[in-house]
Amino acid sequence: MSMDASQEATAGVIAEKKTGLAAIARQIAGCTDCGLCRGRNRTVPGEGNPDARIMFIGEGPGFYEDQQGRPFVGAAGKFLDELLAGIGLDRKKVFIGNVVKCRPPNNRDPQPDEIEACGKYLDAQLATIAPKVIVTLGRFSMQRYFPGESVSRIHGTPRRKGEMIVVPMYHPAAALHQGSLRRVIEADFARLPGFLEKVLEGETPVVDRAEVPPHLKKGTAATTPAETAPATTDATPAAAESQQMRLL
Ligand code: SF4
C-alpha cells in the first residue's frame, strides 16, 4: 500500500530525527569533554523511538550499560521495562537516555561539572526528538529542571517547562534499594498515559486534589512513601493497550 502525502511527510521527519540522533551518538562516542571518558568502556547515548512522545532521563550508565553501550540494561532496567509494560509501552516506543553518557567510576554520583559538560548532548537529543513529556528518573535529572527540589516532595507531579511537560519520578533503582518505593513508582507511572493524553489535547496536566498524594497536601505531616502509596494502580492491560493505541 502506497503512503499518502501526510504519511510520507511523517516518515521523512522520523528519518531526519533518526539521522540527527545518530550524528549526536557519533559525537558522544568521540567525546573527551569530561573526566568520565577515561574510565568508560563504551559510551551510552540512549536509545528508542526518534519520534517518541515520552522521553525518560536517568542519571548515568552503570556496569552493564557501560559494557553494552545501552541504557537501563541491569536490574533497574528490568524494572523500568516492567513499568513501561504496565502502561502498555515498551522501550521501542519511548526514548531512554541519561544526564551523563559515560559511566562514573564505581557508580558514584555524576559531578556537577560532568553533568554540565554532557548537557549539550542531552539538549541536542531533546531538540531532535521534541518529546511532549519528559520523565526524569532520580534526582540528577530532576535537578536539571527543578533545582533545589527533592524527588520525595514532587515525584509524580507534572509541571510545564516551555513546550514540554516534565514529570519527576524516583529512579527505578530506588525501588531495588527500598522495596516500599515500588508501589509509589508504579502509581506514578500509572498516571503517565493520562498526562500525555491531556498534553496531546493541548492542556497542561495537573494533579487533581483527589490525586494529590497525602504527603503533598498542605498542612499534612510528612509520611513515608510506603504510607502514601496507593494499594493498586488502575493501569489494567486492556486499558493500557487502548491508551497506547490512541497516544502512540
Ligand atoms: S560523560 Fe559526556 S561530556 Fe563526559 S566524556 Fe562522556 S560524553 Fe563527554
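Q: Hi! Which helix gives the largest share of the shell around the ligand?
A: In this predicted model, that is helix α4, residues 112-129, which supplies 3 residues of the shell.

Q: And which residues come nearest to the ligand?
A: Cys31, Cys34, Cys37, Cys102 and Cys118 do, out of 14 residues around the ligand.

Q: How does that shell split by class?
A: There are 9 nonpolar, 2 polar and 3 charged residues in the shell.

Q: Nice. Which residues meet there?
A: From α1, the residues are Lys17, Gly20, Leu21, Ile24, Gln27 and Ile28, and they meet Tyr121, Ala124, Gln125, Thr128 and Ile129 of α4. By class, the residues of this contact divide into 6 nonpolar, 4 polar and 1 charged.

Q: What about the loop between α4 and β4, what is the phi of alanine 130 there?
A: Alanine 130 has a positive phi of about 55°, though it is not a glycine. Most residues other than glycine have a negative phi.

Q: Is alanine 130 buried, exposed or partly exposed?
A: Partly exposed, because alanine 130 has 14 C-beta neighbours inside 10 Å, and buried would take 20 or more.

Q: Where does phenylalanine 72 sit, and what is its phi?
A: Phenylalanine 72 is in the loop between α2 (63-68) and α3 (75-86). Its phi is near 50°, again a positive value in a residue other than glycine.

Q: Buried or exposed, that one?
A: Phenylalanine 72 counts as buried, because it has 28 C-beta neighbours inside 10 Å.

Q: Switching topic: which residues touch the most other members in the largest nonpolar core?
A: Ile54, Met55, Val94 and Val133, in a core of 54 residues. Helix α8 (residues 181-200) gives the most to this core, with 10 residues.

Q: What does isoleucine 54 touch?
A: Leaving out residues up to four places away in sequence, isoleucine 54 touches Val94, Pro131, Val133, Val135, Leu192 and Leu196. As general background, nonpolar side chains tend to be buried together in soluble globular proteins.

Q: Okay, where is histidine 171?
A: Histidine 171 lies in the loop between β6 (164-169) and α7. With 24 other C-beta atoms within 10 Å, histidine 171 is buried.

Q: Which residues does histidine 171 contact?
A: Beyond its neighbours within four places in sequence, the contacts of histidine 171 are Gly58, Glu59, Ala76, Leu137 and Gly138. Glycine 58 is 113 residues away along the chain, yet the C-alpha atoms of glycine 58 and histidine 171 are separated by 6.9 Å.

Q: And proline 172, where is that and what does it touch?
A: Proline 172 is in helix α7, residues 172-177. Not counting residues up to four places away in sequence, proline 172 touches Ala76, Phe79, Leu80, Leu83, Leu137 and Ile185.

Q: Last one: how many helices and strands does the protein chain have?
A: The protein chain has 10 helices and 6 strands. Of its 248 residues, 41% are buried.

Definitions and conventions: Residues are numbered from 1 along each chain as its sequence is written. This is a predicted model: local features need pLDDT of at least 70, side-chain atom pairs count only at pLDDT 80 or more; totals for chains, interfaces and linings use all residues. A residue is near a molecule or strand if its C-beta atom, placed from the backbone, lies within 6 Å of it. Helices (H or I, at least four residues) and strands (E, at least two) are DSSP runs, numbered from the N terminus. Ala, Val, Leu, Ile, Met, Phe, Trp, Tyr, Cys and Pro count as nonpolar, Asp, Glu, Lys and Arg as charged, and the others, Gly among them, as polar. Two residues are in contact if their C-beta atoms, placed from the backbone, lie within 7 Å. A nonpolar core is a set of buried Ala, Val, Leu, Ile, Met, Phe, Trp, Tyr and Cys residues joined through C-beta atoms within 7 Å. A residue is buried if 20 or more other C-beta atoms lie within 10 Å of its own, exposed if 12 or fewer, and partly exposed in between; C-beta atoms are placed from the backbone.
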